[in-house]
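Here is a short briefing to read with the model open beside you. Take a moment to look it over, then come back for the tour.

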Amino acid sequence: MSKRINEKFLDVYIEIDRCCCEKFGISAGGITEYINRLSNARFAPSRDEVLPRLVRYRNLRNVFAHEPAAIRRNGELMKADVKWLKRFLNYLKRQKDPISKYLKKARRYARNRRIRRYVIAAAVVLLLFAAMIMYIYFTK
């Protein structure tokens, strides 16, 4: 039974890696890139739940890939792990994963900051214009 779970795990893991490669525009190491970006994104939602799991799953995948008989004997994985990976893959595809959410918030923050700058600049220009008009009006 553990061999079958391990094979399902690898299938889903490979699909997640492929998705991450597409997301970041790289040819290999998609999950590693995701982990690195998530490590740097301190305020990403669900970061504390997702990051340790991805690191653990990457380490297990490396064991399966580099030790010949590991896929038959390793009993560390359970159905819940494969189920979590499938859910995470679904989140990736729908852009509901922590990095996607973080990037959306960062873009929204940057856009709002730009808008605030324009509003402040417009207010300053209006105040200067009003002061200039008042100066002209009262100096006549």
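Where is the place of N6? N6 sits in helix α1, and we will come back to this residue below. This is a predicted model, in which local features need pLDDT of at least 70 and side-chain atom pairs count only at pLDDT 80 or more, while totals for chains, interfaces and linings use all residues. Residues are numbered from 1 along each chain as its sequence is written, and side-chain values use heavy atoms, with hydrogens and water left out.

**Overall layout**

- The protein has six helices and zero strands, where helices (H or I, at least four residues) and strands (E, at least two) are DSSP runs numbered from the N terminus.
- Followed along the sequence, the pattern reads α-α-α-α-α-α.
- The radius of gyration of the protein is 25 Å, whereas a compact globule of 140 residues would come out near 14 Å; the radius is taken over C-alpha atoms, and the globule rule is 2.2 Å times the number of residues to the power 0.38.
- The C-alpha trace spans about 95 × 25 × 20 Å along its principal axes.
- Residues 24 or more positions apart supply 63% of the contacts with a separation of 6 or more, a contact being heavy atoms within 4.5 Å.

**Surface and charge**

- Of the 140 residues, 29% count as buried; buried means under 20% relative accessible area, exposed means over 50%, and partly exposed is in between (1.4 Å probe, protein chains only).
- The accessible surface comes to about 9900 Å², and 57% of it belongs to carbon and sulfur atoms; these areas come from the Shrake-Rupley method with a 1.4 Å probe, and for residues only the protein chains shown count as cover.
- There are 32 positive and 12 negative side chains, and the centres of the two sets lie 11 Å apart.
- In that count Lys and Arg are positive and Asp and Glu negative, with His and the chain ends not counted, and the place of a charge is NZ of Lys, CZ of Arg, CG of Asp or CD of Glu.

**Cysteines**

- A search of the whole structure finds zero disulfides, a disulfide being a pair of cysteine sulfur atoms within 2.5 Å.
- C21 is in no disulfide either, as the nearest cysteine sulfur, that of C20, is 7.2 Å away.
- Both C20, with a relative accessible area of 0%, and C21, with 8%, are buried.

**Helix α1**

- E15 is found in helix α1, which covers residues 2-24, and counts as partly exposed at 25% relative accessibility.
- Leaving aside its neighbours within four places in sequence, E15 is in contact with L89 and K93.
- E15 and Y91 are 76 residues apart in sequence, and their C-alpha atoms are 13 Å apart in space.
- N6, in the same helix α1, counts as buried at 1% relative accessibility.
- From N6 to L92 there are 86 residues in sequence and 21 Å in space, C-alpha to C-alpha.

**Loops between helices**

- A41 lies in the loop between α2 and α3 and is buried, with a relative accessible area of 3%.
- Not counting residues up to four places away in sequence, A41 touches R47, I99 and Y102.
- A41 and I99 are 58 residues apart in sequence but 7.7 Å apart in space, C-alpha to C-alpha.
- A69 has its place in the loop between α3 and α4 (70-73) and is partly exposed at 32% relative accessibility.
- A69 and P52 are 17 residues apart in sequence and 25 Å apart in space, C-alpha to C-alpha.

**Backbone angles to check**

- Most residues other than glycine have a negative phi.
- S46 has a positive phi, near 65°, and is not a glycine; S46 is found in the loop between α2 (30-40) and α3 (47-66).
- At 40% relative accessibility, S46 counts as partly exposed.
- Q95 also has a positive phi, about 60°, although it is not a glycine; Q95 lies in the loop between α5 (79-93) and α6 (98-138).
- Q95 is partly exposed, with a relative accessible area of 44%.
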